Amino acid sequence: QVQLVESGGGLVAAGGSLRLSCAASGSIFSINAMGWYRQAPGKQRELVAQIRSGSSRNYADSVKGRFTISRDNAKNTVYLQMNSLKPEDTAVYYCNYQGRTVWTPFDSWGQGTQVTVSS
């Protein structure tokens, strides 16, 4: 079992910044990808940013230049720095890890953290 715990969401005015964190615990042998997704009311969950084992990063077009994904391998933690926030960034943000435990592959999700951007 791999558990993810998110933190850092909240309410911010448009133009402001927030930093999300997601820490993983459990019998992790390797991590292939770490990412952030979001889901706004009435919409499907979408990929915001992802970092893969080779350190390649990809971002949704809507957040390029404003959001930065990073990781701390020693802490099994992934971060999402969100700058120049817009009201349309309002959503529940979920972190996702994909990898392997000693015994089996895993694809784990955090509990979600609310980000609300006021206009």
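# Close-up views

**View A. Strands S9 and S10 run antiparallel and are joined by 5 bridges.** The model shown is a predicted one, in which local features need pLDDT of at least 70 and side-chain atom pairs count only at pLDDT 80 or more, while totals for chains, interfaces and linings use all residues. Residues are numbered from 1 along each chain as its sequence is written, and side-chain values use heavy atoms, with hydrogens and water left out. Strands (E, at least two residues), like helices (H or I, at least four), are DSSP runs numbered from the N terminus, and two strands are said to pair if DSSP finds at least two bridges between them. A hairpin connects S9 to S10 through 3 residues, and Arg 100 has Pro 105 in S10 as its bridge partner.

**View B. Phe 29, Val 102 and Trp 103 make up a nonpolar patch on the surface.** A patch is made of residues with over 30% relative accessible area and no salt bridge, joined within 9 Å for like charges and within 5 Å for nonpolar side chains (Val, Leu, Ile, Met, Phe, Trp, Tyr). Trp 103 sits in the loop between strand S9 (91-101) and strand S10 (105-109), and Trp 103 counts as exposed because its relative accessibility is 65%.

**View C. An open sheet is built from 4 strands in the order S1-S3-S8-S7, with antiparallel pairing.** Strand S1 (2-7) and strand S7 (67-72) are at the edges and each has a single partner strand, so one side of each has no neighbour in the sheet. From one strand to the next the twist averages 15°, where axes are lines fitted to C-alpha atoms (for helices over the stretch in contact) and angles run from 0 to 180 degrees between N-to-C directions. Strands of a sheet pair through backbone hydrogen bonds, in either a parallel or an antiparallel way. Strand S3 (residues 18-26) pairs with strand S8 (residues 77-82) in the antiparallel sense over 6 bridges, and Ala 23 has Thr 77 in S8 as its bridge partner.

**View D. Gln 3 belongs to strand S1.** With a relative accessible area of 39%, Gln 3 is partly exposed. Gln 3 and Cys 22 are 19 residues apart along the chain, and their C-alpha atoms are separated by 9.9 Å. When neighbours within four places in sequence are left aside, Gln 3 is in contact (heavy atoms within 4.5 Å) with Ala 23, Ala 24, Ser 25 and Gly 26.

**View E. A network of salt bridges links Arg 38, Glu 46, Arg 66 and Asp 89.** A salt bridge is a side-chain nitrogen of Lys or Arg within 4 Å of a carboxyl oxygen of Asp or Glu, and by this rule the count comes to 4. Arg 38 meets Glu 46 at 2.7 Å, N to O, and Arg 38 also meets Asp 89 at 3.0 Å, N to O. Because Arg 38 lies in strand S4 (residues 28-39) and Asp 89 in the loop between S8 and S9, this pair ties together parts that are 51 residues apart in sequence. Arg 38 is buried at 6% relative accessibility, as is Asp 89 at 1%, whereas Glu 46 is partly exposed at 35%.

**View F. Val 115 is part of strand S11 (residues 113-118).** Val 115 counts as buried, with a relative accessibility of 0%. Although Val 115 and Gly 8 are 107 residues apart in sequence, they are 8.6 Å apart in space, C-alpha to C-alpha. Not counting residues up to four places away in sequence, Val 115 touches several residues, among them Gly 9, Leu 20, Met 82 and Asp 89. Thr 113 also lies in S11 and is buried, with a relative accessible area of 11%.

Technical notes: Areas by Shrake-Rupley, 256 points an atom, 1.4 Å probe, with all protein chains shown as cover. Buried < 20%, exposed > 50% of the residue type's maximum accessible area, 1.4 Å probe, protein only.
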